[in-house]
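Thanks for coming. I will go through one chain today, element by element. Here it is on the screen.

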Amino acid sequence: MVVGCSSPERNAAQESELMYPLATAGLRYWDGESTEITEHNIEQEYQSILDSRARNNGVGSDIYHLALSGGGVNGAFSAGVLNAWTANGDRPEFDLVTGVSTGAIVSVFAYLGSDYDSTLKNYYTETPMSSLFQVKSIWSLLRGEAVLDTAGFEDQVRSYIDADIVKQLAEQRAKGRLLVIGTTNLDNEKMSLWDVGKIAQVGSDEAITLIQNIIIASSSVPGAFPAKSIVIDDGQQRFEELHVDGGVSRQVFLVPQWAYYNLPFERNPQHVFVIRNGLLKPHYQVTNNNLTDIGLRSISTIIRNQGIGDVEHIYHFAQHNQMSFRLAYIDNDFSKISDEAFTKEYMTSLYQYGYQKTIADSLWENVPPSLQHVQ
């Protein structure tokens, strides 16, 4: 078993974090690191958004942020919210969209706009789980492999994120709009933040593959999904980094807040929308006293509380910089909080839940529920 659990060696080195993917500067940066690491200055990129808005719409025109969280199949919630938001007629064009895990998939279509609402709906309500994931045999587990065979999921991502979609991402990036997706690099224990629109502007087949791999990696729940190897090749050196779910680092993010400290926020009213594809409030569930149930319940509690902290982090930053804050999340009034999460019926119900709450104008909250008692 020791031999069976070993894995092939990768050509990995810490210096890969200093290299330019696709031999192009500015394609990614690291959460919590200074711009000197990769010379990708997100503050300059954001300043260009403010300047573009001022030129095209006048000083004082509004800036819109959308942050999409992880949550697996709970991404159906954000699909319902976005579709209903369009139906209500007040969905803005977002200047900056961020996504992690299932939010990485949603972020691509949210960034491209309401023309892709039906695509997003179909992705979460019409796709049988059996076509995406297959549970592996016990022998695969003993060999140290992931629980799920995700070949179907990877094939679907590559079919959705094709050359035409990548071309459109590049066009939107040329307008100054940003799409940033996060993955977790297990080698250096850092969150890798990818400027997906700028990668799209490279325009090569390798750029398309990299974007697909980023989305797959950001959705790769450790243990359940296989980790994703991402090749970093700057034309002189070539290394392989091992990436997994961005939610391991953050459940949701608003581009690292450190990047904004010197920006003139007062020039443009700024609005932050956060969609948490998961619970933020505790809910009671009797837990069986066995290793599996205790482990699963503990992990879900950790994830929920991590999400609370990440949402609060964004909220406090927005408050400090006079940005309006709106939060959507799955509340305890959703009746299907159960073990049915991997069924088509569950995802359809969750889609409708997000859709109906948005239509009824009962979705958005101004303060995270964890802080409402202290207001």
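The crossing of α3 and α4 is right-handed, where right-handed means that the near helix is turned clockwise from the far one by less than a right angle, and left-handed means anticlockwise. From α3 the contact is made by Thr-102, Ile-105, Val-106 and Phe-109, and from α4 by Thr-119, Leu-120, Tyr-123 and Tyr-124; contact here is heavy atoms within 4.5 Å. The angle between α3 and α4, the latter covering residues 117-125, is about 155°, and their axes are 9 Å apart. Axes are lines fitted to C-alpha atoms, for helices over the stretch in contact, and angles run from 0 to 180 degrees between N-to-C directions. α3 and α4 are therefore roughly antiparallel to each other, the classes being under 35 degrees for roughly parallel, over 145 for roughly antiparallel, 65 to 115 for roughly perpendicular, and oblique for the rest.

A word on provenance. This is a predicted model, in which local features need pLDDT of at least 70 and side-chain atom pairs count only at pLDDT 80 or more, while totals for chains, interfaces and linings use all residues. Residues are numbered from 1 along each chain as its sequence is written, and side-chain values use heavy atoms, with hydrogens and water left out.

Now the whole chain. The protein chain has 11 helices and 11 strands; these are DSSP runs numbered from the N terminus, helices being H or I of at least four residues and strands E of at least two. Of the 375 residues, 51% are buried. Buried means under 20% relative accessible area, exposed over 50%, and partly exposed in between, with a 1.4 Å probe and protein chains only. The accessible surface comes to about 16700 Å², and carbon and sulfur atoms hold 50% of that; the areas are from the Shrake-Rupley method with a 1.4 Å probe, and for residues only the protein chains shown count as cover. Taking contacts between residues at least 6 apart in sequence, 76% join residues at least 24 apart.

Is Ser-107 buried or exposed? Ser-107 is buried, because its relative accessible area is 0%. Setting aside residues up to four places away in sequence, Ser-107 touches Leu-68, Val-97, Thr-98, Gly-99, Leu-179 and Ile-181.

Two of those partners lead to the next element. Leu-179 and Ile-181 are on one side of β6, together with Thr-183 and Asn-185, while Leu-178, Val-180, Gly-182 and Thr-184 are on the other, and all of these are buried. That is 8 of 8 residues in the strand, which covers residues 178-185. In a regular strand the side chains alternate between the two faces of the sheet.

Which strands pair with β6? β3, residues 96-100, runs parallel to β6 and is joined to it by 5 bridges; two strands pair if DSSP finds at least two bridges between them. Gly-99 has Ile-181 of β6 as its bridge partner. β7, residues 190-195, runs antiparallel to β6, with 6 bridges, and Thr-183 stands opposite Ser-192 there. The hairpin of β6 and β7 has 4 residues between the strands, and Glu-189 takes a positive phi near 60° in it. β9 pairs with β6 in the antiparallel sense over 3 bridges, with Asn-185 opposite His-243.

β9, residues 238-245, is also joined to β8 by 6 bridges, again antiparallel. Asp-233 stands opposite Arg-238 in β9. In this hairpin, with 4 residues between the strands, Gly-235 has a positive phi near 90°. β8, residues 228-233, has Lys-228, Ile-230 and Ile-232 on its covered face and Ser-229, Val-231 and Asp-233 on its uncovered one.

Ser-69 is found between β2 and α2 and is buried, with a relative accessible area of 0%. Beyond four places in sequence, the contacts of Ser-69 include Val-100, Thr-102, Gly-103 and Gln-251.

Leu-22, in the segment before β1, has a positive phi near 55° without being a glycine, and Leu-22 is partly exposed at 25% relative accessible area. Asp-361, in the segment after α11, has a positive phi of about 60° and is not a glycine either; Asp-361 is exposed, at 68%.
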